[in-house]
Amino acid sequence: MSYCLIASKQMVGLFLSVWVKKELVEHVGHLRVDCVGRGIMRWLGNKGCIAMSMTLHQTSVCFVCSHLASGEKDGDEVRRNSDVAEILKSTQFPRICKVPGQRIPEKIIDHE
């Protein structure tokens, strides 16, 4: 089977690539990428996420690659949960489609 690279993005130690079967490439649309840094000073990209949004046929799909803070000390879990909440809040895919009646997700949680 042949696969085609649809998109790839790197952010410090994170890397996300999306591949699809060659015969599906023509059915991929609305490809968008966003990154959220949650590392040093809650901003740098050594921690955080890369998110890719796309449609395949009429279905919206979102791929998320994340690297969260490690640790098992008191408070580490709270920090990770806070980072996830901030990633979900801050990830914003650009608006690219102005077709009436067609809803293109702008947030991670808006995808099917």
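Modeller: At 23% relative accessibility, glutamate 86 counts as partly exposed; buried means under 20% relative accessible area, exposed means over 50%, and partly exposed is in between, using a 1.4 Å probe and protein chains only. The model is predicted: local features need pLDDT of at least 70 and side-chain atom pairs count only at pLDDT 80 or more, while totals for chains, interfaces and linings use all residues. Residues are numbered from 1 along each chain as its sequence is written, and side-chain values use heavy atoms, with hydrogens and water left out.

Glutamate 86 has a salt-bridge partner, lysine 89, and the closest N and O atoms of the two are 3.6 Å apart. A salt bridge here is a side-chain nitrogen of Lys or Arg within 4 Å of a carboxyl oxygen of Asp or Glu. Lysine 89 counts as exposed, at 55% relative accessibility. Both residues belong to helix H1 and are 3 residues apart, about one turn of the helix. An α-helix has 3.6 residues a turn, so residues three or four places apart point the same way.

That makes helix H1 the part to look at. Helices (H or I, at least four residues) and strands (E, at least two) are DSSP runs, numbered from the N terminus. H1 covers residues 76-90, and its 15 residues should span 21 Å at 1.5 Å a residue, which agrees with the 21 Å between its end C-alpha atoms. The expected span is 1.5 Å times one less than the number of residues.

Which residues of H1 are buried? They are Asp76, Asp83 and Ile87. Seen down the helix axis, these buried residues fall within an arc of 35 degrees, so they line one face of H1. The arc is that of the directions from the helix axis to the C-beta atoms. On the face turned away from this buried side, H1 carries the exposed residues Glu77, Val78 and Lys89. The cover over the buried residues includes strand E3 (28-37) and strand E4 (48-56).

Serine 70 lies between strand E5 (59-67) and H1, and is exposed, with a relative accessible area of 61%. Leaving aside neighbours within four places in sequence, serine 70 is in contact (heavy atoms within 4.5 Å) with Asp76 and Arg80. From serine 70 to arginine 80 it is 10 residues in sequence and 7.9 Å in space, C-alpha to C-alpha.

Arginine 95 pairs with glutamate 106, their closest N and O atoms being 2.8 Å apart. Arginine 95 and glutamate 106 each lie in the segment after H1, so the pair ties together parts that are 11 residues apart in sequence. Arginine 95 is exposed, at 63% relative accessible area, and glutamate 106 counts as partly exposed at 21%.

Threonine 55 is in strand E4 and counts as buried at 10% relative accessibility. Histidine 30 is in strand E3 and counts as partly exposed at 22%. Their side chains are joined by a polar contact of 3.2 Å. A polar contact is a pair of N or O atoms within 3.5 Å; within protein, one must be able to donate a hydrogen and the other to accept it, and residues adjacent in sequence count only if both atoms are side-chain atoms. Histidine 30 also has a positive phi of about 50 degrees, although it is not a glycine. Most residues other than glycine have a negative phi.

Finally, the core. The largest nonpolar core has 12 residues, among them Ile6, Ala7, Leu16, Val28 and Met52. Such a core is a set of buried Ala, Val, Leu, Ile, Met, Phe, Trp, Tyr and Cys residues joined through side-chain atoms within 4.5 Å. Strand E1 (3-11), strand E2 (14-21) and E4 are the elements that give two or more residues to this core. Its largest share, 4 residues, comes from E2. Another core, of 6 residues, lies apart from it and includes Val36, Cys49, Ala51 and Ile108.
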